[in-house]
Amino acid sequence: MRIRTLTLAAASGAALLAAGVLPANASGAVHPTSAREGSVSAADLLAKVTSCSQISNGKYKTDDETSATIPVCGKNGAVFWKADMDIDCDGQRTTNCNENRDPWYQNDTAFHQSDGKPLKAESLPYIVVPSSSSIWKYSSYGIKGGGVVAVIYNNKVEYAVVGDTGPTKIIGEASYATAKALGIDPDPATGGADSGVTYILFKNSQVSPIESHSAAVSLGQQLAKQFIANN
């Protein structure tokens, strides 16, 4: 996770389900290319996050040079925010995620695959949460590595996992694979979306193994249905 400035950016089972856990045998790391995953629509999810009950002690910036305007909001069973999307290409080196393609590249992620290796930003949809600070501590709200996230943009839903942590004052970042699946330019140097991205993080959920995108989709659509029913 880099501290991305605007200047730089311009330049360059039922019980398991109830517990929010999916077993390791629900595998499959290849992310689908469909615009919408699962049976829950973007409109139905967005209808539940039209207002914000702020749970963060302050607000976040979307980039290093912007003002702090983004709160973390609370709902039954989830937290959410509406922000931009910067591109995280950190983790294992791949064709499009490496130090030659990404000026801010780091070869590690906060959370690791089941084999101990960093995540693959190019192939795994994941998001970045701000590191714990006086503004907000994600772990205090049931958010953990491998937690399921519904990322919504331009009427599309992509299920991702919490895969990395970032600066304490900036919010709004997701992996190369997340952006690509949502039709956002995934280039780590020049891509991303300036606004219009909604991130809904389901509390006390965890995909195992974290690198299984199909497991994230299966659990995500079930938790999305619960979220709609409970809000």
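Which residue forms a disulfide with Cys-89, and how many Å apart are their sulfur atoms? The partner is Cys-97, and the two sulfur atoms are 1.9 Å apart, where a disulfide is taken to be a pair of cysteine sulfur atoms within 2.5 Å.

Before I go on, a word about the model. It is a predicted model, in which local features need pLDDT of at least 70 and side-chain atom pairs count only at pLDDT 80 or more, whereas totals for chains, interfaces and linings use all residues. Residues are numbered from 1 along each chain as its sequence is written, and side-chain values use heavy atoms, with hydrogens and water left out.

Let me start with the overall picture. The protein chain has 5 helices and 9 strands, with helices (H or I, at least four residues) and strands (E, at least two) being DSSP runs numbered from the N terminus. Read from the N terminus, the order of elements is α-α-β-α-β-β-β-β-β-β-α-β-β-α. Of the 231 residues in the protein chain, 54% are buried; here buried means under 20% relative accessible area, exposed means over 50%, and partly exposed is in between, with a 1.4 Å probe and protein chains only. The accessible surface of the protein chain is about 9,300 Å², and 48% of that belongs to carbon and sulfur atoms; these areas come from the Shrake-Rupley method with a 1.4 Å probe, and for residues only the protein chains shown count as cover.

Now back to the cysteines. A search of the whole structure gives 2 disulfides, and with the bonded cysteines numbered in sequence order the pairing is 1-2, 3-4. In the link of Cys-89 and Cys-97, the angle about the S-S bond is -65°, and the link is left-handed; both of these cysteines are buried. The other disulfide is formed by Cys-52 and Cys-73, with sulfur atoms 2.0 Å apart. This pair links distant parts of the chain, since Cys-52 sits in the loop between helix 3 (42–46) and strand 2 (73–75) while Cys-73 is in strand 2, 21 residues apart. The torsion about the S-S bond of Cys-52 and Cys-73 is about -100°, so this disulfide is left-handed.

In soluble globular proteins, nonpolar side chains tend to be buried together.

The buried residues of helix 5 include His-213, Leu-219, Leu-223 and Phe-227.

Turning to the aromatic rings, which pairs do we find? The whole structure has 4 aromatic pairs, a pair being rings of Phe, Tyr and Trp (its six-membered ring) whose centres lie within 6.5 Å, with planes under 30 degrees apart counted as stacked, over 60 as edge-to-face and the rest as tilted. One of them is the tilted pair of Trp-81 and Tyr-199, 5.9 Å centre to centre with 35° between the planes. Trp-81 lies in strand 3 and Tyr-199 in strand 8, so the pair ties together parts that are 118 residues apart in sequence. Trp-81 is buried, with a relative accessible area of 0%, and Tyr-199 counts as buried at 1% relative accessibility. Trp-136 and Tyr-141 form another tilted pair, 6.1 Å centre to centre with 35° between the planes; Trp-136 is buried at 2%, whereas Tyr-141 is partly exposed at 29%. Ring pairs link Trp-81, Trp-136, Tyr-141 and Tyr-199 into a cluster.
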